[in-house]
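Please read this briefing alongside the sequence and the model, which are shown next. The points that follow are grouped by topic.

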Amino acid sequence: RSRPLTPPRSSRATDAMMSTPDERALMGMLPYTALTVVVTLISVGKNVTLRLLGSLTYYLIPETPQEQAKARLARVTAGKSPSEVRRRAARIKANISEDAEGTESIAAVKFGKALVLAPFFREFDYALLFAILVVANFAAAELAPFALNLPQHENILVPMLALVAVFSSTRSLVKLLFDRLTPKIERQAAVAVGVVGFVLALFFLLLVPTSTLDFEVAGTSKELAPAMAKKIRSRVVGRKAAERVADVAGGMVVPELQIFIGLALFAGIITGALLGPAVRIVRSYNMCVRPPSWGGDFVGVSKAMVPLLHASFALPVVTVFVWLAPLSRAPFGLTDERYDLVRVCSLMVTGVAQVFVVPALVQAYLDGGLVAWYEVKHGERGVQAMAALRGVVRQKLEVTKHLACKVAVQAVGPATLMIACACLLGSKRRDDSEGATENITSLVPAVCWRTVASFLGWWTCAAWAMLISVGVAAAKAGVETFTR
């Protein structure tokens with residue numbers, strides 16, 4: 001008879017050393033920590049942000065020797081692009097002014113590494129990095145037990161990174177709103193929209209039945225206080241005493257109205273902060289899909305990019321309705337687990353689609369400077385108008401270049417919010433089991449995380465869908481605010 005295999009003494013000693021729950025949890029987090037470090041190093045080392053936006057082109061009217069040198073260099077290097085299509089597009093942009101001299105000339109210059117010196121580049125870099133880290137950790141936590149046959153360990157980095165991404169993106173959007181170059185009327189309109197958003201969110205939470213859209217506020221109201229009291233006391237007076245405290249705290253309930261007000265306040269801030277981005281993104285969208293009749297070779301996007309742009313504008317609307325149980329869960333008979341996965345995946349896909357179209361939208365914003373120059377040059381007064389308005393056009397081009405990264409942050413901000421909320425909701429979609437190892441995120445019950453993530457994720461998507469839909473409709477009606 002074969003003898004059973006006996007692990008070596010060193011292995012038994014290691015198992016004994018790692019017998020405590022905290023130590024096992026620590027060992028389970030090591031792969032995710034290593035993944036976070038590796039992904040961060042790759043993202044920074046490979047200059048992911050520069051790869052995404054560094055090929056963008058801005059326009060200038062060369063006056064100083066430095067600007068004239070940039071214009072000459074742009075003409076020389078335009079034909080060195082690796083792709084024939086890119087080479088042709090670069091040559092067209094770099095030689096726009098071949099038939100014009102002096103006051104009528106304009107140059108197309110590639111940003112390149114100089115983009116890191118642009119205002120708000122750091123905010124865009126952080127938003128993109130946090131989105132990548134959250135998605136990488138969430139994907140690893142979901143796939144590791146199946147692909148690598150690893151034990152199930154909660155990746156606490158997902159909720160922590162998701163929270164940082166949510167607050168960082170919201171802070172960046174609010175910071176841009178109060179930038180000195182933001183028109184006063186835009187700030188006033190954003191504040192008004194924020195107040196309206198708060199009121200609408202509060203009434204929505206109060207009036208919409210849970211059978212239609214359930215953010216599990218009732219569960220949060222009942223479980224938050226007892227769970228936190230138990231876990232805090234267990235750290236201070238021991239687990240047995242904590243059980244008695246939990247029995248006493250079981251009658252403590254956080255009023256649902258307080259939770260509604262807290263969620264609605266944050267929803268109002270997000271709604272107001274999304275107004276400016278929605279206006280600029282709708283303008284860029286119109287420039288991409290409906291460029292001027294004369295600018296087919298100079299502005300706009302490729303035919304392959306147009307469907308992706310349409311999808312990025314349609315997906316938020318689709319996701320808003322997918323989350324409604326009578327429209328998605330009931331007709332298909334989805335179980336709780338599958339319905340949660342549908343919500344997570346729809347919100348995730350919507351956010352990722354927004355990220356993919358950021359370069360096209362920012363380039364369309366920069367192309368607006370070229371459109372302004374062309375309309376002045378080829379207007380009714382022609383050369384005389386260009387000579388008289390040369391300073392105005394030059395300033396327009398400078399401001400457009402200055403705000404390139406601001407527009408990039410406004411384009412990626414809503415996407416980061418959606419992605420972070422989707423990953424947070426997905427990582428906490430299961431309730432904590434009785435024997436689960438405690439960690440820094442288990443201080444708050446899983447249902448509370450789901451309440452915050454589901455509401456803020458859905459509300460961000462709904463507010464963004466509403467604002468861009470109104471903007472597109474207004475642009476088609478000829479409202480100048482959304483077309484120029």
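A residue counts as buried under 20% relative accessible area, as exposed over 50% and as partly exposed in between, with a 1.4 Å probe and protein chains only. This is a predicted model, in which local features need pLDDT of at least 70 and side-chain atom pairs count only at pLDDT 80 or more, while totals for chains, interfaces and linings use all residues. Residues are numbered from 1 along each chain as its sequence is written, and side-chain values use heavy atoms, with hydrogens and water left out.

**Nonpolar surface patch**

- Phe-178, which lies in the loop between helix H7 (157–177) and H8, counts as exposed because its relative accessibility is 53%.
- Phe-178 is one of the residues making a nonpolar surface patch of about 940 Å², including also Val-191, Phe-203 and Leu-257; patch residues have over 30% relative accessible area and no salt bridge, and nonpolar side chains (Val, Leu, Ile, Met, Phe, Trp, Tyr) are joined within 5 Å.
- Helix H8 (184–207) and helix H11 (256–273) each supply at least two residues of this patch, and H8 gives the most, with 6 residues.

**Helix H20 and its surroundings**

- The axes of helix H13 (residues 305–322) and helix H20 (residues 446–476) come within 8 Å and cross at roughly 130 degrees.
- H13 and H20 are therefore oblique to each other, a class for angles that are not under 35 degrees (roughly parallel), over 145 (roughly antiparallel) or 65 to 115 (roughly perpendicular).
- Cys-448, placed in helix H20, is buried, with a relative accessible area of 5%.
- Cys-448 and Lys-222 are 226 residues apart in sequence, and their C-alpha atoms are 10.0 Å apart in space.

Notes
Patches are made of residues with over 30% relative accessible area and no salt bridge: like charges are joined within 9 Å, nonpolar side chains (Val, Leu, Ile, Met, Phe, Trp, Tyr) within 5 Å. Accessible areas come from the Shrake-Rupley method with a 1.4 Å probe; for residues, only the protein chains shown count as cover. A salt bridge is a side-chain nitrogen of Lys or Arg within 4 Å of a carboxyl oxygen of Asp or Glu. Helices (H or I, at least four residues) and strands (E, at least two) are DSSP runs, numbered from the N terminus. Axes are lines fitted to C-alpha atoms, for helices over the stretch in contact, and angles run from 0 to 180 degrees between N-to-C directions.
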